[in-house]
Amino acid sequence: MLNFRITRSGDESLYDKDYDVVIVGGGPAGLVAGLYAARAGLNTILVEKSVAGGQMATTERVDNCPGCIEGSGAEIGEWMRRQATGFGLKWANAEVLSMNLLADVKMVLTSEGRLRAPVVILATGARPRKLGVPGEDQFWGRGVSVCATCDGPFMEGKVAAAVGGGDSAVKESDYLTRFAEKVHVLHRRDQLRADRANTERALSNPKIDVRYNVVVERVLGEDRVRGVQIRNVLTGEMEELPVDGVFVWIGMIPNTDLFTGQLALDDWGYVVTDARMATSAPGVFAVGDVRAGATRQIVTAAADGAVAALGADEYLHKRTERGLVSPGVEG
Ligand code: NDP
C-alpha cells in the first residue's frame with residue numbers, strides 16, 4: 001500500500017517565493033517530474049491552471065497506463081497529483097502569464113504571483129487542432145478521440161471515421177484497422193499529404209476507405225457518437241455517414257507561446273531537447289508532448305518527467321559546486 005506523507009502547506013503562501021524547481025504543466029510529464037524532484041528533496045512547485053492530468057484528464061478510460069486498472073483519466077491524474085504532493089510537491093493552481101528562462105535564476109510570473117528557481121521544467125503539452133464543428137466537444141472522450149493507441153481498442157469490430165490527410169491520419173488509421181472493421185479517412189482535398197510509404201500502406205489496406213474532398217460538418221449522436229455529417233466541398237452534397245467513433249488527426253499545436261524566442265524549437269514548433277530533456281537554455285528542461293520527438297503517450301511523458309527531474313537534480317548539484325546558492329533552500 002502506498003504511504004502518503006501529508007503536505008503541511010495549508011495556509012502558507014506559495015507565491016513570491018524561491019524554489020529549486022518550478023514545473024509548468026500538470027499532465028503526467030509534469031506530475032512525474034514533480035514526484036521525482038520532490039522525493040529527491042528539491043523544493044519544487046508545479047503550476048497548473050486546470051485540474052491534474054492534462055490531456056489524460058479528458059479521457060474517460062485509460063487502458064495503457066501501467067497499473068491503472070480503474071479510474072477515469074481525471075481520477076488517475078488526481079491520484080498522481082496526490083502521490084506527488086504526498087512527497088512534498090507544492091501544487092499551485094494559477095495561470096502562467098510570462099516567463100524569463102534565460103537568467104541563471106528563472107522567473108515565472110503567474111496570475112497569483114511570482115515564482116523563482118534556477119530550474120524550470122516545461123510540461124505545457126500540445127493541444128490537438130480541433131475541427132470546431134457541432135458535436136465535437138460534446139462527444140470529446142466519448143467517441144471523439146485523437147489517440148488510436150488509447151481508444152482504438154474500443155473500436156473492436158466497429159466503424160470509425162478519421163479526419164485529416166497527413167501522416168498522422170493515414171498512419172493512425174492503419175493502426176486503427178487492427179480493431180475497427182472499417183475506417184473512413186475523410187480528407188478535405190483531392191490528395192493526401194502524407195509521405196509515400198504511409199500513403200501506400202494505408203491505400204493498400206482493404207479496411208481503409210479514403211473519401212476525398214469532404215469536410216465534417218457535424219458529429220452526430222445521443223449518448224455516444226453514431227455518425228458524422230459530411231459535405232462534399234466540390235458538389236456541396238451532404239451525407240450522413242454512420243460511424244461509432246471519430247478520430248481527429250488534423251495536426252497538433254505545441255503550447256510554446258509563453259517562451260517563444262527563448263528556446264530552440266524544431267520546424268514544427270516543438271522544444272528541442274537532448275536525451276536528458278535539457279533544452280537550449282541551461283537549467284530549463286522540457287518534457288512530454290511539448291518536446292520534439294515525443295511519442296505522445298502517458299508512459300513516455302511520465303518517463304520524460306523522471307529523466308528531467310534527475311537531470312535537474314544533477315544541474316543543481318553542479319551549480320552548487322560552482323558556488324551558486326540555490327534560492328530554493330529554505331531557512
Ligand atoms: P499535418 O499538418 O501534416 O496534416 C494535417 C492534416 O489535417 C492535413 O491533411 C490538413 O489538410 C488537415 N487539416 C488541417 N486542418 C483541418 C481542418 N480544419 N479540417 C479538416 N482537415 C484539416 O499533421 P500531422 O499530425 O499529420 O503531422 C504533423 C507532422 O508530423 C508532419 O510533418 C508529419 O509528416 C509528421 N508525422 C510523421 C509521421 C511519420 O510516420 N513519418 C507520423 C505522424 C506525423 P490539408 O492537407 O488540406 O492541409
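Close-up 1. Arg-188 sits in the loop between strand 12 (182-186) and helix 5 (196-203), where helices (H or I, at least four residues) and strands (E, at least two) are DSSP runs numbered from the N terminus. This is a predicted model, in which local features need pLDDT of at least 70 and side-chain atom pairs count only at pLDDT 80 or more, whereas totals for chains, interfaces and linings use all residues. Residues are numbered from 1 along each chain as its sequence is written, and side-chain values use heavy atoms, with hydrogens and water left out. With a relative accessible area of 61%, Arg-188 is exposed; buried means under 20% relative accessible area, exposed over 50%, and partly exposed in between (1.4 Å probe, protein chains only). Together with Lys-49, Arg-127, Arg-129, Arg-189 and Arg-193, Arg-188 forms a positive surface patch, a patch of this kind being made of residues with over 30% relative accessible area and no salt bridge, with like charges joined within 9 Å. Lys and Arg count as positive, while His and the chain ends are not counted, and the place of a charge is taken as NZ of Lys or CZ of Arg.

Close-up 2. Arg-201 forms a salt bridge with Asp-174, their closest N and O atoms being 2.6 Å apart; the term denotes a side-chain nitrogen of Lys or Arg within 4 Å of a carboxyl oxygen of Asp or Glu. This pair links distant parts of the chain, since Arg-201 belongs to helix 5 and Asp-174 to helix 4 (residues 167-176), 27 residues apart. Arg-201 counts as exposed at 55% relative accessibility, whereas Asp-174 counts as buried at 12%. A salt bridge (3.6 Å, N to O) also joins the side chains of Arg-196 and Glu-200, which are separated by about one helical turn because they are four residues apart in helix 5. Arg-196 is exposed at 68% relative accessibility, and Glu-200 is partly exposed at 47%.

Close-up 3. Ser-204 lies in the loop between helix 5 and strand 13 and counts as exposed at 57% relative accessibility. The side chain of Ser-204 reaches the backbone oxygen of Arg-201 at 3.1 Å, while the C-alpha atoms of Ser-204 and Asp-174, 30 residues apart along the chain, are separated by 9.8 Å.

**Close-up 4. The loop between strand 18 and strand 19.** Thr-273 is found in the loop between strand 18 (252-254) and strand 19 (284-286), and at 18% relative accessibility Thr-273 counts as buried. The side chains of Thr-273 and Arg-291 are joined by a polar contact of 3.5 Å, that is, a pair of N or O atoms within 3.5 Å of which one must be able to donate a hydrogen and the other to accept it, residues adjacent in sequence counting only if both atoms are side-chain atoms. Arg-276 forms a salt bridge with Glu-314, the closest N and O atoms being 3.4 Å apart. Arg-276 lies in the loop between strand 18 and strand 19 and Glu-314 in helix 6 (residues 298-321), so the pair ties together parts that are 38 residues apart in sequence.

**Close-up 5. Asn-213 and its positive phi.** Asn-213 has a positive phi of about 55 degrees although it is not a glycine. Asn-213 is placed in the loop between strand 13 (208-211) and strand 14 (214-221) and is buried, with a relative accessible area of 14%.

Key. Patches are made of residues with over 30% relative accessible area and no salt bridge: like charges are joined within 9 Å, nonpolar side chains (Val, Leu, Ile, Met, Phe, Trp, Tyr) within 5 Å. Accessible areas come from the Shrake-Rupley method with a 1.4 Å probe; for residues, only the protein chains shown count as cover.
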